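I started with the whole chain and then went to single elements.

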Amino acid sequence: MAVSDERLCSYDWIQDAENVGSVKRQLAHLFEVSLRTTVPSEPDIAPLVEPCAAKSGVKFGDYQCNNAMGIWSKIKGKQAEFKGPPSVGQAIMKNLPPSDIIESCSVAGPGFVNVVLSRNWIAQSLQRMLIDGIETWAPRLPLKRAVVDFSSPNIAKEMHVGHLRSTIIGDTLARMLEFSHVDVLRRNHVGDWGTQFGMLIEFLFEKFPNPEDVNEAAIGDLQTFYKASKVRFDSDPEFKQRAQQAVVRLQGGETRYRDAWKQICEISRTEFHRVYERLGVHLEEKGESFYNPHIPGVLEELNKKGMIEDSEGARVIFLKDVNIPLIVVKSDGGYNYASTDLTALWYRINEEKAEWIIYVTDVGQQQHFDMVFKAAKRAGWLPADDNSYPKATHVGFGLVLGEDGKRFRTRNTEVVRLVDLLDEAKNRSKTALLERDTAKEWPEEEVEKTSEAVGYGAVKYADLKNNRLTNYTFNFDQMLNDKGNTAVYLLYAHARICSIIRKSGKDIEEVKKNAKIALDHEDERALGLHLLQFSEVVEEACTNLLPNVLCEYLYNLSEIFTKKFYSNCQVVGSPEEGSRLLLCEATAIVMRKCFYLLGIVPVYKI
Ligand code: ARG
């Protein structure tokens, strides 16, 4: 079904979509119908529906509608039948249309309408997902295309842990949006342009007079090469002058200079690729240089709109509530990070027709993006209101810290080589795996695959489980612990569920056809309800760009399965075996989808 804008304003679309939407949305739809009858004079009130939180361990329902108080303060005295919020709540409850979703309702305190969902309906929804696939639980977001700008390291400079965070967080956001039917342009905005290239190219010419001799092996480490060229640049004025001319010749498009630039970029790219390969991350490079030809036109447009002014020889844009101007042409006439980002934003909105442009960088760049977005609003590229599309969002994240509480470094080296870091995670998980008796008999390939899944998964999950804005401490022992909230624990929990199904000796496809899910035990019901909430959790994680919301859901799922369901409900050999095997299967499917969205490869055996 085509996505239309009306979806944003009304819940009506749910009825005719193939996918009926999350529990929360379906309830919101019922309450919306009720609100229209309850307060006909206020047709714009949106339903406020939330899962119930437990108060001192007791829950009055599964979901609640919180509209009564707000409505009372709006219509006080205007509708005689209402004497206060509780009577509004009673009316909201009475006016709910009949539905097989709801088992019972009650009004509590100052008018909260509590809903207990029907067991039967939960069971049927799970059964349907097992047949039609988890894709039917994918949320539908009110947009068609998004750009996720992430990873984005700089050529010939260090790819550091900040870029690792950006890569991990950005990939997850892209996966979650893609799952939610959004067409995602995964952009690697690499820093492949700038004055440092003059220096690098001149140094390259000096070291390798014959361009054919240039390759990764000969150059070695590009960072070291960069440092050596910088030393040369700072100590020899004649070299410095040549380097400055080289920038001009590169920008003028001279073949020899462009070829050298390409060679340098290519070597960096190979290095970046080693990290992406390990992480299973796919990106499409459109580096800073790509936008270069478009900069003059974009600045001209802004100039015509009267936005650009002279300031101390530079060309700048002054913005409301920001005390520094956004420099768009430096005093030497060159462009900078901001001119490129303004142009890239223009390109993404107007040429690529993206409706949501998401930038994943450390929080240190927040002001830069804030200024670029403000300029785009002033230019009329983006609406003034942050809630309408197209919109641009900066997804900031905190620092990675070492055990000492300072910026993360490895041993004595100044920089952390990301490839080494990932390899260490894998090797440690391999050692731990080989200590288990079962794995000792595994073929080498299986050991390799499992230790990669666990090792890289651990690094990703340790990053994603925190609210991205907080700093987090990098600690191999913690992230590779098989207890607690870690990827290792979760992956093993999944493998254990798979082994329950295997040990039953039943063909799960046959069970799906012949058995019916029943949720008679409280812990079966709790598990079933949590499974059903997957859709709204993904929607929330997407809307607020918070992967930790999905991690928390996954961890709770595994806890509910292990500590409630599996501890209290015998599966294999019980009279309820068929139904319970289906619950195991549904849990495994939802866990795998969570892993997939978090970029983690599942394991089936331990
Ligand atoms: N290359 C930048 C850095 O390493 C990140 C680029 C982020 N994306 C952007 N469109 N500015 O800090």
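Among contacts in the chain between residues at least 6 apart in sequence, what percentage join residues at least 24 apart? I got 72%, with contact taken as heavy atoms within 4.5 Å.

Ground rules. I am working on a predicted model, where local features need pLDDT of at least 70 and side-chain atom pairs count only at pLDDT 80 or more, while totals for chains, interfaces and linings use all residues. Residues are numbered from 1 along each chain as its sequence is written, and side-chain values use heavy atoms, with hydrogens and water left out.

Whole chain. I counted 25 helices and 14 strands; these are DSSP runs numbered from the N terminus, helices being H or I of at least four residues and strands E of at least two. The C-alpha trace spans about 85 × 70 × 45 Å along its principal axes. Of the 606 residues, 54% count as buried (buried is under 20% relative accessible area, exposed over 50%, partly exposed in between, with a 1.4 Å probe and protein chains only). The accessible surface comes to about 27,600 Å², and carbon and sulfur atoms hold 50% of that; the method is Shrake-Rupley with a 1.4 Å probe.

Second largest pocket. I read about 900 Å³ of space here. A pocket is an open set of points on a 1 Å grid over the protein atoms alone, with protein on both sides within 12 Å along at least five of seven lines, and lining residues have an atom within 4 Å of a point. The lining has 39 residues, and the closest to the centre are Trp193, Gly194, Glu288, Asn336 and Tyr337. Elements giving two or more residues are α7 (161-179), α11 (237-251), α14 (295-304), α15 (337-350) and β11 (356-362). β11 has the largest share, four residues. By class I noted 11 nonpolar, 20 polar and eight charged residues, with Gly counted among the polar ones.

Helix α25. Residues 577-597 make up this helix of 21 residues, and its first and last C-alpha are 30 Å apart, close to the 30 Å expected at 1.5 Å a residue; the expected span is 1.5 Å times one less than the number of residues. I found 18 of the 21 residues of α25 buried. Glycine 599 follows α25 and has a positive phi, near 75°.

Asparagine 427. I placed this residue in helix α17 (residues 418-434). Is asparagine 427 buried or partly exposed? Asparagine 427 is partly exposed, because its relative accessible area is 44%. Its C-alpha is separated by 45 Å from that of threonine 255, 172 residues apart along the chain.

Notes. On a 1 Å grid over the protein atoms alone, a cavity is a set of points where a 1.4 Å probe fits but cannot get out, and a pocket is an open set with protein on both sides within 12 Å along at least five of seven lines; lining residues have an atom within 4 Å of a point. Grid points are joined across faces, edges and corners, and a volume is the space filled by probe spheres set on the points.
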